[in-house]
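Please keep the sequence and the 3D view open beside the text while reading.

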Amino acid sequence: MATTSAPWSETKPTALLVLADGTVVEGMGLGASGKAVGEVCFNTALTGYQEILTDPSYAGQIVTFTFPHIGNVGANDEDIEDLHPAQRAGAVGAIFRADVTGPSNYRAGEHLDAWLKRRGIVALSGMDTRALTTLLREKGAANAVIAHAPDGQFDIETLKAEARAWSGLVGLDLAKQVTSGQSSTWKETPWVWDEGFGTADETGMHIVAVDYGVKRNILRLLASLGAEVTVVPATSTAEDILAMKPDGIFLSNGPGDPAATGEYAVPMIRELLKHDIPIFGICLGHQMLALALGARTVKMHQGHHGANHPVKDHTTGKVEIVSMNHGFAVDGKSLPDGVEETHVSLFDGSNCGIALKGRPVFSVQHHPEASPGPQDSHYLFRRFANLIRERRGEPALAER
Ligand SMILES: NC(=O)CC[C@H](N)C(=O)O
């Protein structure tokens, strides 16, 4: 793989991507200097680079963007997804094809390079991202070190050894690293749905969201259902949660291997399932609900990371265009009796949703809050609200 020629902001290679198989590619350093180890995956989204890089589910990962021009609209303080930016949960590295241009957008507060530095994300540009993506497609997501040294000096053998020595994501529980340290109430003013769900004061509805690395837009949309939303740490017990008298429980997205996080999450979710409280899970939350119900999760070859994935909802027959970010998946064949497969990926047939028959419990693998459709999947939040309303003896609202 060769770097491509262009007018870079630096004149000599100041960054390296070193794969565990020994492949070394030079690039132009951006963002934080230093190095980061992680799994390289490719994301095919054309927009949303700040939301992607700050999604806590990307902890332990280096994202290579297949869209060649990243950074054109600069960076702002609003398009971030992690709840506690000081924790810097999210991608540890970023790889771009083209050099990052000066920002051109009324919302831009700063250059992407400056923002990457502040976030501590090690980045490089000048990568032949098509070749890298082809390699990842052929060989699968790769463990690697990304390094940025402004003086261009690297100890390549050490970097190779570090890439080889990294355990990889399998077996890693990263949720504990990115979760909230304590419970909190989601304060941001909700976005208002056309249906007019009302306010939490009017409805008295309470949703407890278990934070395995939750994204802000999920909390916005849950609050927009007219609910008070309490965010609780990943290690909360079922007793902690039940004591809060929730009308609904949400299991969030998050990084790492669901089986590893499941070691403490599954017993907790099984306890919650003994009660008839509506439960909704997204991504890691989906995977852990599936594990709690007795299914299996598997590591995918290259994962799904993009914003144009078609998913079919079997319950309505409709196809939605969704945002995806997962490297593990629920094995659809392992779903036990009583668990219905509600959604599948139309790219590869992998499982994208489940529901517990006859119970108000369901989850999806994709990200209905990420809105690439832009609102194709918002009905899932309404579905959750309706399960809660039904249990409270209130009339359902149109799902649309
Ligand atoms: N977005 C997520 O919640 C990701 C879930 C899990 N860490 C995976 O990679 O599959």
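Helices (H or I, at least four residues) and strands (E, at least two) are DSSP runs, numbered from the N terminus. The structure shown is a predicted model, in which local features need pLDDT of at least 70 and side-chain atom pairs count only at pLDDT 80 or more, whereas totals for chains, interfaces and linings use all residues. Residues are numbered from 1 along each chain as its sequence is written.

**The surroundings of the ligand**

The shell found around the ligand consists of Ser57, Asn253, Gly254, Pro255, Gly256, Pro258, Cys283, Leu284, Asn325, His326, Gly327 and Phe328. Strand E14, which covers residues 318–330, supplies the largest share of this shell, with four residues. Sorted by class, the shell has five nonpolar, seven polar and no charged residues, where Ala, Val, Leu, Ile, Met, Phe, Trp, Tyr, Cys and Pro count as nonpolar, Asp, Glu, Lys and Arg as charged, and the others, Gly among them, as polar.

An unreviewed UniProt entry lists Ser57, Gly254, Gly256, Leu284, Gln287, Asn325, Gly327 and Phe328 under "binding site". These residues span 272 residues in sequence, yet no two of their C-alpha atoms are more than 12.9 Å apart, so they gather at one spot. UniProt positions are given in the numbering used here, with feature names shortened, and annotations may be inferred rather than shown by experiment.

| Residue | Other C-beta atoms within 10 Å | State |
|---|---|---|
| Serine 57 | 32 C-beta atoms | buried |

Serine 57 is found in the loop between helix H1 (49–53) and strand E4 (61–65). Two residues are in contact if their C-beta atoms, placed from the backbone, lie within 7 Å. Leaving aside neighbours within four places in sequence, serine 57 is in contact with Gly213, Asn253, Gly254, Pro255, Cys283, Leu284 and Asn325. Glutamine 287 lies in helix H10, residues 284–292, and its contacts, counted with the same exclusion of neighbours within four places, are Pro258, Thr297, Phe328 and Val330.

Glutamine 61 has its place in strand E4. Between glutamine 61 and glycine 256 there are 195 residues of separation in sequence, but 9.3 Å in space, C-alpha to C-alpha.

What does the domain assignment of the chain give? It gives domain 1 (15–165) and domain 2 (175–391), with bounds that come from an automatic or database domain assignment. The centres of the two domains, taken over C-alpha atoms, are separated by 28 Å, and 21 residues of domain 1 are in contact with 24 residues of domain 2. On the side of domain 1 that touches domain 2, the elements that give two or more residues are strand E3 (34–43) and helix H3 (129–139), and E3 gives the most, with three residues.

A nonpolar core is a set of buried Ala, Val, Leu, Ile, Met, Phe, Trp, Tyr and Cys residues joined through C-beta atoms within 7 Å. Of the 118 residues in the largest nonpolar core, Leu17, Val63, Ile95, Ala144, Ala209 and Leu222 touch the most other members. Domain 1 and domain 2 both give residues to this core, so it lies between them.

Methods: A residue is near a molecule or strand if its C-beta atom, placed from the backbone, lies within 6 Å of it. A residue is buried if 20 or more other C-beta atoms lie within 10 Å of its own, exposed if 12 or fewer, and partly exposed in between; C-beta atoms are placed from the backbone.
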